[in-house]
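Dear colleague,

Here is the structure I said I would pass on. My notes on it follow below.

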Amino acid sequence: MTSVIIMAAGAGTRMKSTTPKVLHKISGKEMLYYSINEAAKLSNDIEVVVYHQKDRVIQAMRKYFSDIRFITQEHSKFPGTGGAVKCCSPKHNKVFILNGDMPLVSADELRKFENIDADIVMSVIHLDDPDGYGRVVIQNNEVIKIIEQKDATEEEKQIKFVNAGVYLINKEILEKFLPLLDNNNASKEYYLTDIIDLAKKAGKTIKAIEVKEENFKGVNTKYDLANAERIHQNRIKQKLMRNGVIMHLPETIFIENDVKLIGECEIESGCVLKGNSIIDHSLIKANSIIEDAKITNSEIGPMARIRPDSEIIDSKIGNFVEIKKSALNNVKAGHLSYLGDSEIDSGTNIGAGTITCNYDGKNKYKTIIGKNVFIGSDSQLVAPLTIEDDTMIAAGSTITKNVKKGELAISRTPQKTIKNFFYKFFKKEG
Ligand code: UD1
Ligand code: MG
């Protein structure tokens with residue numbers, strides 16, 4: 001077994017944000033979530049180093065994980081990645097050290113480190129544009145040292161091998177060399193990367209494993225964040241398509257990490273599927289948004305919005321229909337409606353422009369609509385309201401009282417007609 005240390009204490013200044021860097025989300029989940037989730041596949045001893053806005057970071061991660069240890073860095077005394085690891089006490093003899101800003105690293109990639117025999121195994125990436133990363137000096141296949149960009153000479157900056165920021169290190173190396181780190185550098189920080197130089201000089205073996213940027217990308221800016229999310233999205237969508245989902249212009253579709261698609265679903269361009277949504281044997285037409293909703297055997301959109309806690313079964317929902325916290329079973333709602341806090345049963349047709357008036361400014365109320373109901377266009381259904389089976393609501397009605405089985409409800413001002421009004425008004429001959 002190995003221990004894992006995840007460094008998540010940094011200020012993340014380059015993100016220019018009030019949110020701690022590791023809590024910025026990709027595909028709907030915090031970056032740090034992914035690191036911990038992968039680490040948990042490898043280890044039963046995970047320490048997450050926190051400092052800046054640590055309460056927020058701990059609170060966010062406690063939602064998902066109960067058995068990890070949060071360690072507070074002594075940041076004022078020992079700033080930097082070296083300072084972060086100094087505070088930890090891993091239990092096992094081998095220790096993975098991960099940056100908390102690398103959301104694309106998978107447990108499978110990390111297992112490759114375990115197959116290499118060395119005192120330190122570190123990850124390097126060969127990049128045409130190495131800007132922002134620490135440069136790795138390699139001679140005769142041996143790592144000599146890492147130079148941070150801020151401390152690099154112009155010549156060193158030309159090095160194209162960079163430190164990806166993941167290490168597998170023997171615990172005794174940490175115990176021996178962490179106390180020897182200093183902060184004589186451009187950032188006045190204790191760099192973990194200086195351990196390489198110290199270990200090398202003491203005759204330890206340091207091996208580099210070349211990894212791909214798409215798996216080990218570090219996120220330091222919001223531009224990096226967007227690029228990491230694009231890579232992550234591609235992974236999600238590739239997996240879904242391999243499992244039989246049809247996607248039109250997948251690069252325009254956004255699907256969050258926990259969304260599930262079951263069976264041969266079809267997703268048209270521009271759709272956004274969020275939260276814990278489940279889409280089961282359904283067609284989601286262009287530019288629709290599904291948030292934390294369950295859609296089974298239905299057609300949604302184009303341009304529909306299905307909001308949290310909705311369950312839609314065997315139904316057809318058309319353009320500009322918004323549905324919130326509602327259960328629809330074998331229902332048609334083709335155009336321009338808001339259906340909130342409602343239950344609508346089988347065989348019912350919701351006319352264009354129907355609105356459930358579910359909110360009186362203080363409280364929300366339910367609208368219950370039974371089977372085989374015909375709701376005429378442009379109706380307002382003022383909740384709380386029950387419309388029983390086999391009923392009709394005349395177009396343009398404002399319904400405030402319950403409608404009983406078999407009834408027609410109509411509430412309109414009677415129509416008046418005035419002969420030749422047009423010609424009089426415009427003073428024209430008719
Ligand atoms: C670090 C490496 C660099 C490497 C790059 C890869 C060092 C000195 N440099 O640089 O060689 O190319 O990662 O992405 O390690 N952190 C703490 N406490 C601190 C400072 C940072 O926990 O005092 C955490 C951060 O929250 C972050 C991680 O360590 O998750 C890396 O810190 P960051 O400032 O992003 O380091 P880089 O400049 O990217
Ligand atoms: Mg970084």
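**What was found**

V105 is buried, with a relative accessible area of 7%. This comes from a predicted model, and that applies to everything that follows. V105 sits in the loop that runs between β6 (94-99) and α4 (107-114). V105 and V219 are 114 residues apart along the chain, and their C-alpha atoms are separated by 12 Å.

**The ligand**

Which residues are closest to ligand 1? The closest are M7, G80, T81, E148 and N163, out of 23 residues that surround ligand 1. By type, the shell around ligand 1 divides into 11 polar, eight nonpolar and four charged residues. Two elements, α3 (81-86) and β10 (161-170), each supply at least two residues of that shell.

- T81, at 2.7 Å
- K21, at 3.0 Å
- R14, at 3.1 Å

On its own, ligand 1 has 750 Å² of accessible area, and the protein covers 91% of that. The space that ligand 1 takes is the largest pocket.

E30 lies in strand β3 (residues 29-30). Is E30 buried or exposed? E30 has a relative accessible area of 4%, and because buried means under 20%, E30 counts as buried. What does the side chain of E30 make a polar contact with? The partner is the side chain of Y64, at 2.8 Å.

S326 is a second case. S326 is placed in the loop between β24 (316-324) and β25 (327-329), and with a relative accessible area of 2% it is buried. A polar atom of the S326 side chain lies 2.8 Å from the backbone oxygen of K324.

**Backbone points to check by eye**

The bond from G301 to P302 is cis, with omega near 5°. P302 is in the loop between β21 (299-300) and β22 (305-306). The bond from A383 to P384 is also cis, with omega near 0°. P384 is in the loop between β32 (380-382) and β33 (385-387).

For S27 the value is about 50°. S27 is buried, at a relative accessible area of 1%.

For N141, phi is near 65°. N141 lies in the loop between β8 (135-139) and β9 (142-147). Where S27 is buried, N141 counts as exposed, at 75% relative accessibility.

**The loop between β36 and α10**

Two residues in my notes belong to the loop between β36 (408-409) and α10 (421-425). One of them is I410, and the other is Q415. Are these residues buried or exposed? I410 counts as exposed at 51% relative accessibility, a value to be read against the cut-off, because exposed means over 50%. Q415 is exposed too, with a relative accessible area of 73%.

How far from each of them is a residue elsewhere in the chain? I410 and K371 are 39 residues apart in sequence, and from C-alpha to C-alpha they are 19 Å apart in space. Q415 and K274 are 141 residues apart in sequence and 46 Å apart in space, again C-alpha to C-alpha.

**In short**

E30 is buried and makes a side-chain polar contact with Y64. The cis peptide bonds are those from G301 to P302 and from A383 to P384, and the positive phi values are those of S27 and N141.

Regards

Terms used: Residues are numbered from 1 along each chain as its sequence is written. Chains are lettered from A and ligands numbered from 1 in the order in which they are written. This is a predicted model: local features need pLDDT of at least 70, side-chain atom pairs count only at pLDDT 80 or more; totals for chains, interfaces and linings use all residues. Side-chain values use heavy atoms; hydrogens and water are left out. A residue is near a molecule or strand if one of its heavy atoms lies within 4 Å of it. A polar contact is a pair of N or O atoms within 3.5 Å; within protein, one must be able to donate a hydrogen and the other to accept it, and residues adjacent in sequence count only if both atoms are side-chain atoms. Accessible areas come from the Shrake-Rupley method with a 1.4 Å probe; for residues, only the protein chains shown count as cover. On a 1 Å grid over the protein atoms alone, a cavity is a set of points where a 1.4 Å probe fits but cannot get out, and a pocket is an open set with protein on both sides within 12 Å along at least five of seven lines; lining residues have an atom within 4 Å of a point. A molecule sits in a cavity or pocket if more than half of its atoms lie within 2 Å of its grid points. Helices (H or I, at least four residues) and strands (E, at least two) are DSSP runs, numbered from the N terminus. Ala, Val, Leu, Ile, Met, Phe, Trp, Tyr, Cys and Pro count as nonpolar, Asp, Glu, Lys and Arg as charged, and the others, Gly among them, as polar. Buried means under 20% relative accessible area, exposed over 50%, partly exposed in between (1.4 Å probe, protein chains only).
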